[in-house]
Amino acid sequence: MKKVLSILLACILIASMLVGCGGKGKESETGTGADKGGTSSGSTTTDNTGGGASKTIKIALVTKMVDSPYWQTVKRAAEEKAKELGNVEITHLGPPTEADIDKQVQIIETCINDDYDGIILAACDKDALVDPVRKAKEAGIPVVMIDSGISEPVYDAFLATNNVQAGAECAKLMAELIGGEGQVAIINFAAGTQTAVDRETGFTEEIKKNYKNIEIVGVQYCNSDPTVAANQATDFISAYPNLKGIWGANDQSAIGVAQAVTEQGKSDSIMVVGFDNSDDIKSGLKSGVIKGTAVQMPTVMGSEGVQIVVDIINGKAPANKDVDTGVTMVTTENMNDPKIQAILNQ
Amino acid sequence: MSGELVTSTKKAKVNIMKGKDEALQKFLAFGVLIMLCILFGVLTGGSFLKIDNLLTIALQVTPYAILGFGLTFVLITGGTDLSAGSVIGFGGIVCAKAVTMGVSIPVAIIIGILAGIIAGLINGLFVTKLEVTPFIATLGTQFAFRGLTQLVGQGKPVSIQALGDEKIISVFRFIGGGTVFGRIPFPTIIMIITAIVLGIVLSKTGFGRRLYAVGSNEETARLSGINVIKTKLTAYIICGATASMAGILLAARLASAQSNAGQGYELEGIAAAVIGGTSVMGGEGGILGTVIGAFVMGVLRNGLNLLKVDAFVQMVIIGTIIVIGVWYDTARRKKQSV
C-alpha cells in the first residue's frame with residue numbers, strides 16, 4: 001500500500017511538472033533549434049555600416065528565455081545599440097524556459113567554443129552559472145550580467161534595477177503627490193525577500209531623510225495577493241482617516257490598493273503609487289486611481305550591456321561593476337508622452 | 001433486526017451527545033466573536049463597531065467563508081483538501097479567460113464553477129477510488145491545479161480590465177465588491193445564500209447524515225449500507241465548487257484573475273472551520289460554525305489592523321488563536337472518548 005502510494009505521489013508530481021513545463025516548452029521550441037551542444041539560436045543581426053575595415057564584434061545575448069516579451073524587449077534594445085555602434089553583431093540565445101538551467105550552461109559553453117567576442121547574460125540560476133562565466137572569462141571573453149546576477153563576482157559588470165534607489169524614487173513621487181506632508185501607508189509584497197526589503201528600505205529611508213512632515217503609519221505584507229492587499233489597504237483607510245497616500249511595492253500590491261481606494265470612494269483624496277507594470281496597472285493609470293508607478297528598464301539593460309561589452313573589448317574597463325539601470329516614474333501626467341508610452345509598452 | 005435497533009439507538013445517543021458538545025463549541029466560538037467585537041470596539045474608541053467597518057469585514061471574510069463551507073464538508077468526512085487554494089486560482093482564471101475569449105458573463109461563471117467541480121471530482125477520485133490519503137492526494141493536486149492555473153494565464157494575470165469594455169468590467173466589479181440594499185456587499189449576500197443552502201444540505205438531508213456517518217466511522221457506515229465512495233466524492237465536488245466560487249468572486253472584485261490567487265487560502269478555510277467546531281478528525285462540524293470561525297479570523301485581522309498592531313505580531317496572535325482552537329477540539333474529543 002505504502003509503495004503504491006509513494007509511486008502514485010511521484011506520478012502526480014512528475015505529471016504536474018510535465019504539465020507545468022509542457023506548454024512553455026512548446027512555445028519556445030524555435031529557441032531550441034539545432035540541439036547540437038544545446039545551443040539555440042533566436043536570430044542574428046549584423047550591421048556593418050560602420051568602418052568596413054574594422055572587425056565585426058560578435059556578441060551573444062543569452063537570456064533566461066527567448067520568446068517572452070520582456071526578453072524580446074532586451075534584445076530589441078541590444079540590436080538598436082548594435083546598429084548605432086556599427087560593427088557589432090548580436091545573436092540572441094536562450095533555453096526554452098527559465099527552469100532549463102543546464103541548457104543555459106551548455107549555451108554559454110558553446111559560446112566560448114564559437115569564438116564570441118562578448119557575452120551578455122541573464123542567469124537562470126545564480127550558482128550554476130558561476131562556473132561557465134568563469135570559463136568564459138578565462139577564455140578572454142568579457143561577460144556582462146543583466147537582470148539576474150550570479151553569486152560570485154567573476155563577471156565584468158552587472159546591470160540591474162537598484163531596488164533601494166527605485167523605492168526612493170517612489171517615495172519622492174509620493175511626497176510630491178501629497179504635497180510633502182501627511183500620513184502614508186505601505187503595502188509590501190513579501191516580508192524578508194531581498195527585492196521587497198530593498199524597495200521598502202529605499203522608500204522609508206528617503207521619507208525619513210528628506211520629508212520630515214510625512215509619517216509612515218505602517219507596513220503590511222500581502223504576499224503578492226491583490227485581494228489581501230485590498231483588505232489591508234481598506235483597514236489602513238479605516239484606521240487612519242487622514243491617510244493621504246498608499247504605496248504598493250509591486251504590481252499586485254498596487255492593484256489591490258487601487259481596488260480598495262476605489263471601493264472606499266477615496267481615489268481623489270488618497271494617492272496610490274505602484275511599482276512595475278502590467279495590464280491592470282495600465283488600466284489603473286488610465287482611470288487615474290493609480291497616480292504613478294516605477295517601471296523597470298529592460299531596454300537600458302540591453303543597450304548598456306552592448307555598450308559595456310564593446311568598451312571592454314576596446315580596452316575600456318567599466319567604471320562601476322554594478323550598474324543601476326534605474327526606473328522610470330510613469331505618472332498620470334506623463335503617461336501619454338510617446339517616450340513614456342514606449343517604456344510602458346516595452 | 002433487534003440488533004439493528006440497538007445500534008441505531010446507541011448511535012442516536014452518541015449523536016445527541018455530540019450535538020450538545022458541538023453546540024457548546026459553536027457557542028464558545030460565537031462568544032469569542034462577540035467578546036472580540038466588544039474588545040476591539042472599546043480599544044478603537046468605537047471606530048471598529050461602525051457599520052461601514054463591520055460591512056468591510058463581511059466583504060473581507062466572504063471568500064474565506066465560502067471556501068470554508070466546502071472544506072467543512074470534506075473535513076466532516078475525515079478528509080482534507082489542500083488543493084482548495086489552487087482551485088480558487090483555477091476557477092477564477094478559467095472564468096476570466098472565458099470572458100476575455102468573448103463568452104457571456106453567466107456562461108463564463110458556470111464554466112468557472114465547472115472547472116472547480118472537475119477539480120473536486122479529481123480529488124475525490126484520488127481519495128476514494130485510488131485510496132490515496134487525502135493529505136497526500138490533495139497536496140499533489142495542489143501543485144497540479146496551480147500549474148494548470150499558471151498555464152491558462154501563461155504565468156500572468158488574466159485581466160478583464162484590459163478588455164476595456166466598461167459594461168463587463170462594471171458587472172464584474174459589482175459581483176466581486178458591489179453593494180445592494182444600501183451598503184451590503186453583494187458577495188456577502190452570495191455567501192449567506194450559499195451558507196443557508198449548504199447548511200440545509202448538511203443538517204436536513206440524507207446526504208448530510210450519511211456524511212457525518214462516514215466521518216464518524218467509515219467501516220460502520222459501509223456496513224450499514226452507505227455508499228461511502230459516493231458520499232465522499234460528493235463532498236470533494238462540493239469543496240471544488242465552493243473554491244471556484246470564491247475564486248470567481250476574487251477575480252471579479254479586481255476585474256482581473258491572478259494566477260497566484262488563493263495561495264494559502266485552504267489553510268484559512270480549514271482554520272475557519274476548525275475554530276467554528278468542525279473537527280479535523282471527521283464526523284463533526286457545521287456551516288454556521290464555519291461562518292462564525294471565518295468572522296473570528298476576519299475580526300481579528302481587521303481589529304488588529306485598526307489597533308495598528310505590527311504585521312508580524314499579528315501573525316503570531318492569529319496563529320496562536322488557531323492552535324488554541326484546535327487544542328480545544330482535541331481536548332474535548334479526549335473527554336468524550338473517556
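**View 1. The largest nonpolar core in this predicted model has 189 residues.** If you want the spots with the most contacts inside this core, look at I119(A), I120(A), L121(A) and V272(A). Domain 1 (29–161 + 298–315) and domain 2 (163–296 + 329–344) of chain A both supply residues, so the core sits between them. As background, nonpolar side chains in soluble globular proteins tend to be buried together.

**View 2. Zooming in on I119(A) and the residues it touches.** Leaving out anything up to four places away in sequence, I119(A) touches A60(A), V62(A), I108(A), C111(A), A136(A), I141(A) and V143(A).

**View 3. Helix α11 of chain A, residues 298–313.** From first C-alpha to last, this 16-residue helix reaches 23 Å, close to the 22 Å expected at 1.5 Å a residue. The rest of the structure largely encloses α11(A), because 12 of its 16 residues are buried. Among the buried ones are P298(A), M301(A), E304(A), I308(A) and V310(A). Just past the helix, G315(A) takes a positive phi of about 85°.

**View 4. Where chain B meets chain A.** Chain B puts 32 residues into the contact and chain A puts in 33. On the chain B side, the elements giving two or more residues are α2 (51–76), α5 (134–153), α10 (228–254) and α12 (287–306). Of these, α5(B) gives the most, with 8 residues. Sorted by class, the side of chain B that touches chain A has 17 polar, 13 nonpolar and 2 charged residues.

How values were computed. Residues are numbered from 1 along each chain as its sequence is written. Chains are lettered from A and ligands numbered from 1 in the order in which they are written. This is a predicted model: local features need pLDDT of at least 70, side-chain atom pairs count only at pLDDT 80 or more; totals for chains, interfaces and linings use all residues. Two residues are in contact if their C-beta atoms, placed from the backbone, lie within 7 Å. Helices (H or I, at least four residues) and strands (E, at least two) are DSSP runs, numbered from the N terminus. Ala, Val, Leu, Ile, Met, Phe, Trp, Tyr, Cys and Pro count as nonpolar, Asp, Glu, Lys and Arg as charged, and the others, Gly among them, as polar. The expected span of a helix is 1.5 Å times one less than its number of residues. A residue is buried if 20 or more other C-beta atoms lie within 10 Å of its own, exposed if 12 or fewer, and partly exposed in between; C-beta atoms are placed from the backbone. A nonpolar core is a set of buried Ala, Val, Leu, Ile, Met, Phe, Trp, Tyr and Cys residues joined through C-beta atoms within 7 Å. Domain bounds come from an automatic or database domain assignment.
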